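Have the sequence and the 3D view side by side as you read.

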Amino acid sequence: MAGKMQSSPAFLAREYHDFHRTSVARFVESVAPTVPAGATIVDAGAGEAWYEPLFAQARYIALDYAVGDSAWDYSKLDVVCDLHIVPLKTNSVPYVLCTQTLEHIQRPHVVLAELHRILLPGGTLFCSLPFIGDAHHQEPYDFFRYTRYAVDYLFTSSGFSEVTISPIGGYNTLLVSLLQKGLYRYAEKNVKRPWIIAAPMHLLQKFLFLLTRWANILAWKQDQKDHDRYRFAMGFTVIAKK
């Protein structure tokens, strides 16, 4: 986890500022080199196509329904579609990426079956799902959180094999992350305070953000020693084969 991501979009390189988002980005960065030059990878639920720069060697196809966040720029999408019905041929792509998307899907088992369908035999799905780490977001398109056992059931029942599930964070990183989210929430709700109050509060928030950033590094190191950290994971990453 040490060091900065050189190839990722700039906002993702802010080490430990948002542990959950950074961890998902690092997962994508770690699997990107396994996609051979010229191979096709479909990013299902691509949003603003943040991860396209990581797959410069490949043919990157961004799919999304383009309704999750009204503030987002969906202009980089290659295909606008409902992921319950993906407009790609059966057995047509070797790789699929699906990060932080299945919580926004009303029928995730249907979507996973679709992603399984479009994959070539032996193809790979890279996925991430939230557990405790995400508050309500992109409302009203926010439906599920997933335990480790729900993840295993969804993927195996959708036909995937060699399903490798890894927890994101643990008890300590969860605590620090919740504190960070609380600071963000407080800052958002107090932007209109008089400057004589807002100025010192802004400095205090900056100081606390700095503390939590370093606390995340220590928390992450502690969680690596915990073999049961999946119980308090912020989410899970998955690598699965067809």
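Both faces of strand β1 are covered: T40, V42 and A44 are buried on one side, and I41 and D43 are buried on the other. Buried means under 20% relative accessible area, exposed means over 50%, and partly exposed lies in between, with a 1.4 Å probe and protein chains only. Strand β1 spans residues 40–44, and five of its five residues are buried, so the rest of the structure largely encloses it. Strands here are DSSP runs of E with at least two residues, helices are runs of H or I with at least four, and both are numbered from the N terminus.

A word on the source. This is a predicted model, in which local features need pLDDT of at least 70, side-chain atom pairs count only at pLDDT 80 or more, and totals for chains, interfaces and linings use all residues. Residues are numbered from 1 along each chain as its sequence is written, and side-chain values use heavy atoms, with hydrogens and water left out.

How far can you trust the model? The predictor's confidence in each residue is its pLDDT, from 0 to 100. The chain has a mean pLDDT of 87, and 85% of its residues reach 70 or more. Residues 1–16 are another matter: pLDDT stays under 50 there, and the model has 42 contacts beyond four places in sequence for them. Contact means heavy atoms within 4.5 Å. Where pLDDT is low, the predicted coordinates should not be read in detail.

Now step back to the whole chain. Its secondary structure comes to five helices and seven strands. From the N terminus on, the order is α-β-β-β-β-α-β-α-β-α-α-β. Of the 242 residues, 45% count as buried. Among contacts with a separation of 6 or more, 69% join residues 24 or more positions apart.

Which strands sit beside β1? Strand β2 (residues 59–64) runs parallel to β1, and five bridges join them. V42 has I61 as its bridge partner in β2. Strand β4 (residues 93–99) also runs parallel to β1, joined by three bridges. Here D43 has L97 as its bridge partner. Two strands pair if DSSP finds at least two bridges between them. Strands of a sheet pair through backbone hydrogen bonds, either parallel or antiparallel.

Widen the view to the sheet. Seven strands form an open sheet in the order β3-β2-β1-β4-β5-β7-β6, and the pairing is mixed. The edge strands are β3 (79–80) and β6, each of which pairs on one side only.

Strand β6 pairs with strand β7 (residues 235–241) in the antiparallel sense, over six bridges. S161 lies in β6, which covers residues 161–168. The bridge partner of S161 in β7 is K241. S161 is partly exposed, at 33% relative accessibility. Leaving aside neighbours within four places in sequence, S161 is in contact with A240, K241 and K242. A240 is 79 residues away from S161 in sequence, yet the two are 6.1 Å apart in space, C-alpha to C-alpha.

Return to β4 and find T99. Is T99 buried or exposed? T99 is buried, with a relative accessible area of 8%. Leaving aside neighbours within four places in sequence, T99 is in contact with V24, V28, A44, G45, Y51 and S128.

V24 and V28 are among the buried residues of helix α1. Helix α1 (residues 19–31) has 13 residues, and ten of them are buried, so α1 is largely enclosed by the rest of the structure. From first C-alpha to last, α1 reaches 18 Å, close to the 18 Å expected at 1.5 Å a residue. The expected span is 1.5 Å times one less than the number of residues.

Q222, found in helix α5 (residues 195–223), is partly exposed at 42% relative accessibility. Q222 and Y171 are 51 residues apart in sequence and 9.2 Å apart in space, C-alpha to C-alpha.
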